[in-house]
Amino acid sequence: MAKKSLAETGGSKSTSATSAEAEVFSLSASVAEMEAMAKKLRRHIVTMVGKAGSGHPGGSLSAVEIVTALYFKLMRHKPLDPQWPDRDRFILSKGHAAPLLYATLAECGYFPVEELLTLRQMDSRLQGHTDRTITPGVEMSSGSLGQGLSFALGAALAGRIDGQDYHVYVLLGDGECNEGQVWEAAMATAHYNVDNLTAIVDNNGQQIDGWNCDVMSLDPFAGKWQAFGWKVIEVDGHSIPQLIDAFKEAQKVKGQPTVIIAHTVKGKGVSFMENNPDFHGKAPNAIEIELALKELE
Amino acid sequence: MVEPVSVREAYGKALLELGMENQDIVALDADLSRSTMTRFFAREFPERFFECGIAEQNMIGIAAGMAAAGKIPFASTFAVFVPGRCFDQVRMSIAQPGLNVKLVTTHGGLSVGEDGTSHQSIEDLSLICSLPGFTVIVPADAIETTEAVKVAAATLGPFYIRLCRPKLPLVYGDDYRFNLGKAVMMKQGGDATIIAIGLMVKSALEAASELEREGIYCRVLNMSTLKPIDKAAIVQAAAETGAIVTAEEHLEHGGLGSLVAQVVAKNRPVPMEFIAIKDSYAKSGKPSELLERYGLTERDIERGVKSAIKRKR
């Protein structure tokens, strides 16, 4: 059987399948196809958060290209066998970007796209923040910030003990890096010379109470990671080609972990949400949804 | 009398043995491997031992990630640091997803002694028992420790095993087999029941012997599985003896006493007394001095039994 292409998998019903019969997701998408997918994911995010009436559009929209590049170009995964032992792992540490992850998983075929509209409702598999016990493809229950890098390190070390060649990707928020645990984990990842893990920081510059520099300064941000023993790559987090190049470069780094600091815009793609901390954790109303979707046509 | 035996060494040796039998067993520590005795495992299996440094929150996250990838991580430090220092990490990274992580902590309770308040873990059982899905065990001696550690390794899901610093007199023989979720009847008796955990089990047995001289016959239960608690044994004890005294090296709130009282109140109300630390922090001192100062001796248990019996209807 041929591998499914990006276009074919969108909205496909997910059913249970064994490792042997489930297919590895095709990573043949072109940059143009991924850019179109990114726009589609943004539409999903606006629609689902709008329908839910609550949620976090800003930090979901800022990381769209990062997650698109990973699921459609970099990661080895099987949407119909989410527990496939050889899969590359994506750990969403900034759990409030759950709408982005759900939209991506649905478009890859982990579960039906229609299910996205159940976000945050009673009995939905799509919880307000990620829950690994009920959502196919979700690796970690997150939402309490600062815990994902440690979890990712555990998964990376486990893979190393077993001689498995999977790679672990973990997406952090920049504001999330206020948490001390992030730096405990950064220290440990470098201490153990872990190179089968890549961290990505969605560096959108904002957190709930405003700009990072006003709330809690992170600078020198790249310098902090370097001082902790990490290789740092900085990219435009909305450029899919730059992201892909960075991920490929990170895979070649041996003996130390790599962090990709992806410079992004909070609320990217919807003019009135861009750089607007109000939309960190607020859903658009009916008029705003309409305006946003028009911009994302 | 047989010499007291270290429960921590029993853990260290049991973990080492498990490591030999099962490649998926991994161990983590937060710069206390010489005290928690995970160093036995570390020496034999350096590639499966992960020193996390003085960073308990990160240790919990790493253990969770390893469990999610199929490993059986044993993470150890002092009971005062896990779950206390990293409660939210234990909650979100382990308890909520129900991951197969085994937290084995040492130096629990007052008996850590001279190190004082900062190192005396008197709230840990309350914290950990509040988390849905955790199995919580407080062994009464080295033999039960060995057994409990093996059962934890073989049983899927999050476990918390709390050990103490001092060596403990054995209350079991080599033939003892730990039965998860079942209270152990240590002594028969019909006048009252003493339900104890950890080092208080031995004290409960001594108190029961002393009371026997006065013609008071106590049942003694070792409630080593604190959660899920053996409701049937508690209800039966309430029905058959009509008075219950709990004994634990922990605050009165949220530990064994609270858990037993819930079962008793709902199913078979009888007079109860709680041998535990009242609402306060303790200070530095020898373990025996501290247990005496804060009301955790055989004498305290005896007084508790008499007081509960007096209130029987």
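Predicted model: local features only at pLDDT ≥ 70, side-chain atom pairs only at ≥ 80, totals over all residues.
Some ground rules. Local features here need pLDDT of at least 70, side-chain atom pairs count only at pLDDT 80 or more, and totals for chains, interfaces and linings use all residues. Residues are numbered from 1 along each chain as its sequence is written, and chains are lettered from A, with ligands numbered from 1, in the order in which they are written.

Let's start with chain A. It has eleven helices and seven strands. Helices (H or I, at least four residues) and strands (E, at least two) are DSSP runs, numbered from the N terminus. Along the principal axes, the C-alpha atoms fill a box of roughly 55 × 50 × 35 Å.

How much of chain A is buried? The share is 53% of the 297 residues. Buried means 20 or more other C-beta atoms within 10 Å of a residue's own; exposed means 12 or fewer; partly exposed is in between; and C-beta atoms are placed from the backbone.

Now contacts. Two residues are in contact if their C-beta atoms, placed from the backbone, lie within 7 Å. Take the contacts in chain A between residues at least 6 apart in sequence: 76% join residues at least 24 apart.

Look at helix 5 of chain A, residues 98–108. Eleven of its eleven residues are buried, so this helix is largely enclosed by the rest of the structure. Among them are A:Pro99, A:Tyr102 and A:Glu107. After the helix comes A:Gly109, with a positive phi near 105 degrees. Further on, in the loop between helix 5 and helix 6, sits A:Arg120. Its phi is also positive, near 70 degrees, and this is a residue other than glycine. A:Arg120 is partly exposed, with 19 other C-beta atoms within 10 Å.

On to chain B. Here we have twelve helices and 14 strands. The radius of gyration is 19 Å, close to the 20 Å from the globule rule for 313 residues, so chain B is as compact as a globular protein of that length. Its C-alpha trace spans about 60 × 40 × 40 Å along the principal axes. Of its 313 residues, 60% count as buried. Of the contacts in chain B with a separation of 6 or more, 79% come from residues 24 or more positions apart.

Where do the two chains meet? The contact takes 20 residues from chain A and 24 residues from chain B. On the chain A side, helix 6 (148–161) and helix 7 (180–191) each supply at least two residues. Helix 6 gives the most, with ten. By class, the chain A side has nine nonpolar, eight polar and three charged residues. Nonpolar covers Ala, Val, Leu, Ile, Met, Phe, Trp, Tyr, Cys and Pro; charged covers Asp, Glu, Lys and Arg; polar is the others, Gly among them.

Chain B also divides into domains. An automatic or database assignment sets the bounds, giving domain 1 (5–168) and domain 2 (184–310). Their centres, taken over C-alpha atoms, are 25 Å apart. The contact takes 26 residues from domain 1 and 29 residues from domain 2. On the domain 1 side, helix 6 (124–129), strand 6 (135–137) and helix 7 (142–154) each supply at least two residues.

Next, the largest nonpolar core. A core is a set of buried Ala, Val, Leu, Ile, Met, Phe, Trp, Tyr and Cys residues joined through C-beta atoms within 7 Å. This one has 200 residues, and B:Ile194, B:Ala204, B:Leu226 and B:Ile244 touch the most other members. Both domains of chain B give residues to this core, so it lies between them. Leaving aside neighbours within four places in sequence, the contacts of B:Ile194 include B:Ala204, B:Val220 and B:Ile301.

Last, some backbone details in chain B. A cis peptide bond joins B:Val82 and B:Pro83, with omega about 10 degrees. B:Pro83 is in the loop between strand 4 (72–78) and helix 5 (87–95). The bond from B:Lys227 to B:Pro228 is cis too, with omega near -5 degrees. B:His107 has a positive phi, near 60 degrees. This histidine is buried, with 25 other C-beta atoms within 10 Å.

Technical notes:
Rg over C-alpha atoms; globule rule 2.2 N^0.38 Å.
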